[in-house]
Amino acid sequence: MPPSRWRTEGADWPNRESSRFVAAGGVRWHVQVAGPESVAGKPPVVLLLHGTGAASHSWRDIIPDLARDYTVVAPDLPGHGFSSAIGAPTLPAMARAVAALLAELQVEPALIVGHSAGAAIGLRVAIDAHPAPLVSFNGALLPFPGIAAKLFPAMAKLLFVNPLVPAIFALQARGPGVVAKFLERATGSKIDARGVELYARLFRRREHVAGALAMMANWDLAALAADFGRVRAPVRLVYGDRDAAIPPAVAADVAKRITGSTTLAMPGLGHLAHEEDPTAAVRIIRESMPVRG
C-alpha cells in the first residue's frame, strides 16, 4: 500500500510508471522495476542502489536507457524516499533487507551498481547473498581516516536521537537556493535543476532526514573492509576526480585490497557523477555487464 504522500510528493516522480510497493524483510519498499516488455528469455537484472540521503530519483536518467535491454531494479533504501524504515539500519541489516526484496521479486542480479553508501550495501549483498559483479560510483567503501572513523558516526547518532534535528534540517531545506548550495558544497557536483528540486523535496521531509541520519549513525565500514578478501566477482571502482565527499584516492586504495578490481576516473565530475553525466554512467554500466554464456 503506497504511503499517502505518494499521491502528492510522488505524483511526478521520475519513472513513476515503473514504481511499485512491496513488503519484504520488514520494509515496505518503494521500488522501481523496469525492462523490456517482450524479449526472448529473461533479460539480465541490474540492481541500482542509491547513496545516503538520496532515493531512486538518483538514477532517473539511467533507468530508461538500461531498461531497453535489461530488467532494472531500483529501490528506495529503508528510511529513504518512499520506503519505510527498519529498526537499526546497519550495513548488514540493509544488505539483508535488499536480499529479501530481491527474493520477493524473484530476481537474481547479474550486475549490482551502487553509488556512495549504496556501493557498500551492494558489496555486502555480493559477499553474503548474490555474488554478482559490482560497479561502484564514488563508493563509500572504507572508514574515515583517524579519529573521524569514530567521531562521524557518534555525531550522527547524537543528531539522530534529538527529535528536533530532522525537523530543523527539513525547515532549513525550504530556503531558496539552500539545497543547491549544499549539494554543490558537499559533493563537488553541479546537477540539473530537476535533480536539485527532487533532493529538496526529500530534504524537506523530516522522516527522510531521520532515515539518512540513522543510516550514518549505524554505519561500520571496518567490518566490510575486513571481508574484501571474500569478494568473488569483479569490482569496478568508478570515481569523479572532483568528488568533495569521498576522496578519489579511496578507489585506488580499495583496488589494492580487492583482487581483480579496477578503477576508472570520470574527469571533471563530483560525487554525483552519475547524475552529472548519465550518458557516461550508462556506458560504464553496459560495459560492465557480464557476457551471457
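Eight strands build an open sheet, arranged in the order β1-β2-β4-β3-β5-β6-β7-β8 with mixed pairing. From one strand to the next the twist averages 25°. Here strands are DSSP runs (E, at least two residues) and helices are DSSP runs (H or I, at least four), numbered from the N terminus, and two strands pair if DSSP finds at least two bridges between them.

This is a predicted model, in which local features need pLDDT of at least 70 and side-chain atom pairs count only at pLDDT 80 or more, while totals for chains, interfaces and linings use all residues. Residues are numbered from 1 along each chain as its sequence is written, and side-chain values use heavy atoms, with hydrogens and water left out.

Strands β7 and β8 run parallel and are joined by five bridges; Gly-240 has Met-266 in β8 as its bridge partner. Helix α10 packs on the sheet and touches both β7 and β8, its direction making about 165° with that of β7. Angles run from 0 to 180 degrees between N-to-C directions, with axes fitted to C-alpha atoms, for helices over the stretch in contact; contact means heavy atoms within 4.5 Å.

The structure also holds one cavity of 30 Å³ or more. A cavity is a set of points on a 1 Å grid over the protein atoms alone where a 1.4 Å probe fits but cannot get out, and lining residues have an atom within 4 Å of a point. The volume is the space filled by probe spheres set on the points, which are joined across faces, edges and corners. The largest cavity contains about 90 Å³ of space. Strand β7 gives the most to its lining, with four residues.

Terms used: On a 1 Å grid over the protein atoms alone, a cavity is a set of points where a 1.4 Å probe fits but cannot get out, and a pocket is an open set with protein on both sides within 12 Å along at least five of seven lines; lining residues have an atom within 4 Å of a point.
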